[in-house]
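Open the model in your viewer and keep the selection tool ready. We will go from stop to stop, and each stop says what to select.

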Amino acid sequence: MMDESFDPYWQWLGIPPDERPVDHYRLLGLAMFESNPQRIEAGADARMNLVRSYQSGPRVAHTQKLLNELSVARLCLINTQAKASYDAVLRGRQAL
């Protein structure tokens, strides 16, 4: 069961509530539209390692949820076609 008063985005990743919903770049701690695959991988690795450090604690449900989100973000941003589609959607939202 997840503790609803605990905010792993804020507590662990430093993403305040006013920056949500969070995009893949922010989730991985990257600059918007980062294109360097090594930086994307490094950002994902760093975030996943940080979240994994809490896996054996009382917030295991939060760690699993965040690790899944981080994995989805990583896979999207390292796949050239998926990243292009995702970026187009983000750019469209910024234009609104």
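Buried means under 20% relative accessible area, exposed means over 50%, and partly exposed is in between (1.4 Å probe, protein chains only). Helices (H or I, at least four residues) are DSSP runs, numbered from the N terminus. This is a predicted model: local features need pLDDT of at least 70, side-chain atom pairs count only at pLDDT 80 or more, and totals for chains, interfaces and linings use all residues. Residues are numbered from 1 along each chain as its sequence is written, and side-chain values use heavy atoms, with hydrogens and water left out.

**Stop 1: helix 5**

Select residues 80-95, which form helix 5. The expected span of a helix is 1.5 Å times one less than its number of residues. For the 16 residues of helix 5 that gives 22 Å, and the end C-alpha atoms are 22 Å apart, which agrees.

Which residues of helix 5 are buried? Color Lys-83, Tyr-86, Asp-87 and Leu-90. Look down the axis of helix 5: its buried residues fall within an arc of 100°, so they line one face of the helix. (The arc is that of the directions from the helix axis to the C-beta atoms.) An α-helix has 3.6 residues a turn, so residues three or four places apart point the same way. On the other side of helix 5, Gln-81 and Ala-95 are exposed.

Now show what covers the buried residues of helix 5: this includes helix 2 (24-27), helix 3 and helix 4 (60-78). Contact here means heavy atoms within 4.5 Å.

Next, pick Lys-83 and Asp-87. They form a salt bridge, with the closest N and O atoms 2.7 Å apart. A salt bridge is a side-chain nitrogen of Lys or Arg within 4 Å of a carboxyl oxygen of Asp or Glu. Both residues are buried.

Finish at Asn-79, which caps the N-terminal end of helix 5. One of its side-chain oxygens lies 3.0 Å from the backbone nitrogen of Gln-81.

**Stop 2: helix 3**

Select residues 37-52 for helix 3. Color Ile-40, Gly-43, Ala-44, Arg-47, Met-48 and Val-51, which are buried. They cover an arc of only 125° around the axis, which puts them on the same side of helix 3. They pack against helix 2, helix 4 and helix 5. Gln-38 and Arg-39, on the other side of helix 3, are exposed.

Zoom in on Arg-47. It is buried yet has no salt bridge. How far away is the nearest side chain of opposite charge? That side chain, Glu-19, is 8.1 Å away. Select Leu-27 too: its backbone oxygen lies 3.1 Å from a polar atom of the Arg-47 side chain.

**Stop 3: two bridges across the chain**

Select Asp-45 and Arg-74. Their side chains meet in a salt bridge (2.1 Å, N to O). Asp-45 lies in helix 3 and Arg-74 in helix 4, so the pair ties together parts that are 29 residues apart in sequence.

Move to Asp-7 and Arg-20, another salt bridge, at 2.9 Å from N to O. Asp-7 counts as buried at 18% relative accessibility, and Arg-20 is partly exposed at 29%.

**Stop 4: two loops**

Step along to Pro-21. The peptide bond from Arg-20 to Pro-21 is cis, with omega near 5°. Pro-21 sits in the loop between helix 1 (8-11) and helix 2.

End at Phe-33, in the loop between helix 2 and helix 3. Its phi is positive, about 65°, although it is not a glycine.

Methods
Lys and Arg count as positive and Asp and Glu as negative; His and the chain ends are not counted. A polar contact is a pair of N or O atoms within 3.5 Å; within protein, one must be able to donate a hydrogen and the other to accept it, and residues adjacent in sequence count only if both atoms are side-chain atoms.
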